[in-house]
Amino acid sequence: SYLTDRYFRELFNIPFSAITTLVEDIHFNPKKPQNWNAKIQDDKTSKALIYNAEKKMWVKREKKEVINEMVEKSYNMLDANYEIQKDANTLDEKGKRKFQNFMNIYDKGNKELDKRYETDVREKLLNFREYHSQQK
């Protein structure tokens, strides 16, 4: 609910950075500690830790799978909000053009872009691990 239509419109103007920005604003937002639910203890492991709120414990999952899910979830959120705002006529032409171009590239599958997102999200999961540890 804290991710407003205006927030998404700003992301549509920076489409190639939008996914990692959204991942950070969801999973590492200091005002939403309930979303701090993933981290990587060190870069050498193939595992990520996911917080299970029911059991109140961290559980291991494949790091690559967790990262891909975060990227895909963010893209789906962007896509859904884009369609809503496009239908409501709340987007400017520049933002529509930029985001449509991005969606065409993303939907075709771009290995460089996929690698960039994997690296960016992995680094966020590593960089925020201490922050998570202090807060949980």
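1. Let us start with Asn89, which is exposed, with a relative accessible area of 66%. Buried means under 20% relative accessible area, exposed means over 50%, and partly exposed lies in between, using a 1.4 Å probe and protein chains only. Asn89 is found in the loop between α3 and α4 (93-108). Its phi is positive, about 60°, although Asn89 is not a glycine.

2. A word on where all this comes from. This is a predicted model, in which local features need pLDDT of at least 70 and side-chain atom pairs count only at pLDDT 80 or more, while totals for chains, interfaces and linings use all residues. Residues are numbered from 1 along each chain as its sequence is written, and side-chain values use heavy atoms, with hydrogens and water left out.

3. You will meet helices and strands by number below. Both are DSSP runs, numbered from the N terminus: helices are H or I with at least four residues, and strands are E with at least two.

4. Now look at Lys56, in the loop between β2 and β3. Lys56 has a phi near 55°, a positive value in a residue other than glycine. With a relative accessibility of 66%, Lys56 counts as exposed. The hairpin of β2 and β3 has 4 residues between the strands.

5. Next comes the sheet. Strands of a sheet pair through backbone hydrogen bonds, either parallel or antiparallel. Here 3 strands form an open sheet in the order β1-β2-β3, and the pairing is antiparallel. The edge strands are β1 and β3, each pairing on one side only. Two strands count as paired if DSSP finds at least two bridges between them.

6. How many bridges join β1 and β2? Strand β1 (residues 38-39) and strand β2 (residues 47-52) pair over 2 bridges, in the antiparallel sense. Ala38 has Ile50 of β2 as its bridge partner, and Lys39 stands opposite Leu49 in β2.

7. You can find Ala48 opposite Arg61 in β3, and Leu49 opposite Lys60 in β3.

8. Angles run from 0 to 180 degrees between N-to-C directions, and axes are lines fitted to C-alpha atoms, for helices over the stretch in contact.

9. Lys73 has its place in helix α3. Lys73 is partly exposed, with a relative accessible area of 44%. Lys73 and Ile19 are 54 residues apart in sequence, and 9.0 Å apart in space from C-alpha to C-alpha.

10. Two packed helices are described by the angle between their axes and the distance between the axes. Helix α2 (residues 15-27) and helix α5 (residues 111-127) pack at an angle of about 25°, with their axes 10 Å apart. Therefore α2 and α5 are roughly parallel to each other. By the cut-offs, angles under 35 degrees count as roughly parallel, over 145 as roughly antiparallel, 65 to 115 as roughly perpendicular and the rest as oblique.

11. Which residues make this contact? From α2 they are Pro15, Phe16, Ser17, Ile19, Thr20, Val23 and Glu24, and from α5 they are Leu113, Arg116, Tyr117, Asp120, Val121 and Lys124. Contact means heavy atoms within 4.5 Å. These residues divide into 7 nonpolar, 2 polar and 4 charged. In that count, Ala, Val, Leu, Ile, Met, Phe, Trp, Tyr, Cys and Pro are nonpolar, Asp, Glu, Lys and Arg are charged, and the others, Gly among them, are polar.

12. Leaving aside its neighbours within four places in sequence, Thr20 is in contact with Tyr117, Asp120, Val121 and Lys124. Thr20 and Asp43 are 23 residues apart in sequence and 18 Å apart in space, C-alpha to C-alpha.
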